[in-house]
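Please look at the sequence and the structure first. The report after them starts with one chain and then turns to a contact between chains.

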Amino acid sequence: MKKTVLALLGSVFLTSAVPAHATPEQDRKGIIEFYKKRLPKLQFKDYVYGALALSTDSMNQYKAIMDFPPFGNVIEAGSKMWATPFKNGKTYASCFPNGGKNVAGNYPYFDDKLGKVVTLEMTINQCRKDNGEAEYKYGDGATMDTLTAYARTLSDGMPMNIKVESPAAVAAYEAGKTHYYTRRGQLNFACATCHVDNAGNIIRTEILSPSLGAATHWPVFRGGDNLVTLQERFVGCNKLVRAVPFAVGSEEYNNLEYFFSYMSNGLPMKASVFRK
Amino acid sequence: MAELTKIRAKMDGNTADIKVLITHIMETGQRKDAKTGQIIPAHFIQNVTAALNGKTVLSAEWSVAIAKNPFLGFKAKGAKTGDKIVISWEDNKGNKDTAEETIK
Amino acid sequence: MNPLRRTTLKSTIALAALAGLLPARVFAAEWNKAAFEAKNVAEALKGLGLGATADSKDIIIKAPEIAESGSNVQIEVTSNIPGTQSITILAEKNPSPLTAVFELSNGAEGYISTRIKMSQTSNVRAIVKAGGKLYTAAREVKVTIGGCGG
């Protein structure tokens, strides 16, 4: 199976930036070198802004909106959810080191005992379950999404810090990488088609954001109003190429998020931001 | 509830720089309910006033085209640190709110 | 609004209220329905009772070149014309162009910042009343319907 996967990877790789036989760290360093050539005007730290870094007009609007964001009430609602104790008196803070501050950059991680990628949202649900509460539905706007719109801000400024260590972790990372680089849907595009090979180009009036740094700034509030998490964006992107999307919280998207986040290691996170 | 109206007020030289963010749906009356196909009725702030130490400095009439969770920025000369800014608004359904803030 | 008309309306409402014909809530602030529901700029200006305006370079409109989102376009209007009494904002191609009217008094500067909805590429126009005269400036803001957002 592995040989077939590697052959497949070899045939679909559109760029030399991510060779088939490389460690995650070699992949990451490779992609950084790729972007240094493709987008020479950007510094490493600029990549957290994605397409905004490629348009002064867009960046100015971002700054203006972020000065006093219209979605502040949603983050406030999330903070009330975070602070409200469970029926047993415990809180979300008790489930995380540091009360939940500066933890988001460690997610997703690979749990060797469970044999799978664990996201921040899964850990929140485990926290709820451990404290006698019903789990939230992944991708539900009023519950999990609103809660994480606040919870993730507790890690603002924290550099992405994904670890891929065991062979099983590497396999999950590679599964995510395969998704990212595999063409799909009626339009037959891979994520990388737009966000690596055409990063910085314009398609349908919009500047394509680069993959580097893209995992650092979620969730977003589209138009200042519409809350979209990273995996909900995966759904959106799959739909845009007319592919059947996977479910938010599925193993496919968890592995994709694992790979995708690793690519942004070292870049500071900022949650709940404005995007178009 | 004053929670709906957030005010930031600070001195910038001799002028008070006031920024207001209001939680309000500002429904245009042009959208249709996805399930029923019916028009969602307009629900928006029509009037806003700002008073500095009890004197009206700004009086506004708004349309449905002011953005959801509306933002307002204005400047008042002759203000000083410690002065009081009061923002009041009323929407087309008669809902109102008032909030006040001390200029920093 | 024409000051004479405003006074006339107020007197009429006051008399009507005294006669017990209107609920007290009508004393709450006015809202120029005719102007706000006008479907084009000319009708909106008529509803506002505004006559001829002079183009002015002393009105500065700060707005995006291309709006990131048509539902949250942040604009700033600065009027450097002495004695600025009001700033009126229109998005000329919106279904109802009149967006807001700001009356300024007691030291409020000729400056307004707000976020508006724009349905399509259009001029954002500001009309300033200063010293009893009317001045105007406009700036185009492009609104695209991008294919990839959201």
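Chain C has 150 residues, and 40% of them count as buried.

## Order of elements in chain C

Chain C holds 3 helices and 9 strands. Along its sequence the pattern reads α-α-α-β-β-β-β-β-β-β-β-β.

## Where chain B touches chain C

On the chain B side, 29 residues are in contact with 31 residues of chain C. The elements of chain B that give two or more residues to this side are β3 (45-52), β4 (55-62) and β5 (71-77). The most come from β4(B), which gives 8 residues. By residue type, the side of chain B that touches chain C has 13 nonpolar, 10 polar and 6 charged residues.

The strand β4(B) is also joined to a strand of chain C, namely β6 (residues 98-104), by 5 bridges. The two strands run antiparallel. B:Ser59 stands opposite C:Glu103, a residue in β6(C).

## Confidence in chain A

The mean pLDDT of chain A is 94, and 93% of its residues reach 70 or more. Residues 1-14 of chain A have a pLDDT below 50. Beyond near neighbours in sequence, this stretch has 17 contacts in the model. Where pLDDT is low, predicted coordinates should not be read in detail.

Note on methods: Residues are numbered from 1 along each chain as its sequence is written. Chains are lettered from A and ligands numbered from 1 in the order in which they are written. This is a predicted model: local features need pLDDT of at least 70, side-chain atom pairs count only at pLDDT 80 or more; totals for chains, interfaces and linings use all residues. pLDDT is the predictor's confidence in each residue, from 0 to 100. Two residues are in contact if their C-beta atoms, placed from the backbone, lie within 7 Å. Helices (H or I, at least four residues) and strands (E, at least two) are DSSP runs, numbered from the N terminus. A residue is buried if 20 or more other C-beta atoms lie within 10 Å of its own, exposed if 12 or fewer, and partly exposed in between; C-beta atoms are placed from the backbone. Ala, Val, Leu, Ile, Met, Phe, Trp, Tyr, Cys and Pro count as nonpolar, Asp, Glu, Lys and Arg as charged, and the others, Gly among them, as polar. Two strands pair if DSSP finds at least two bridges between them.
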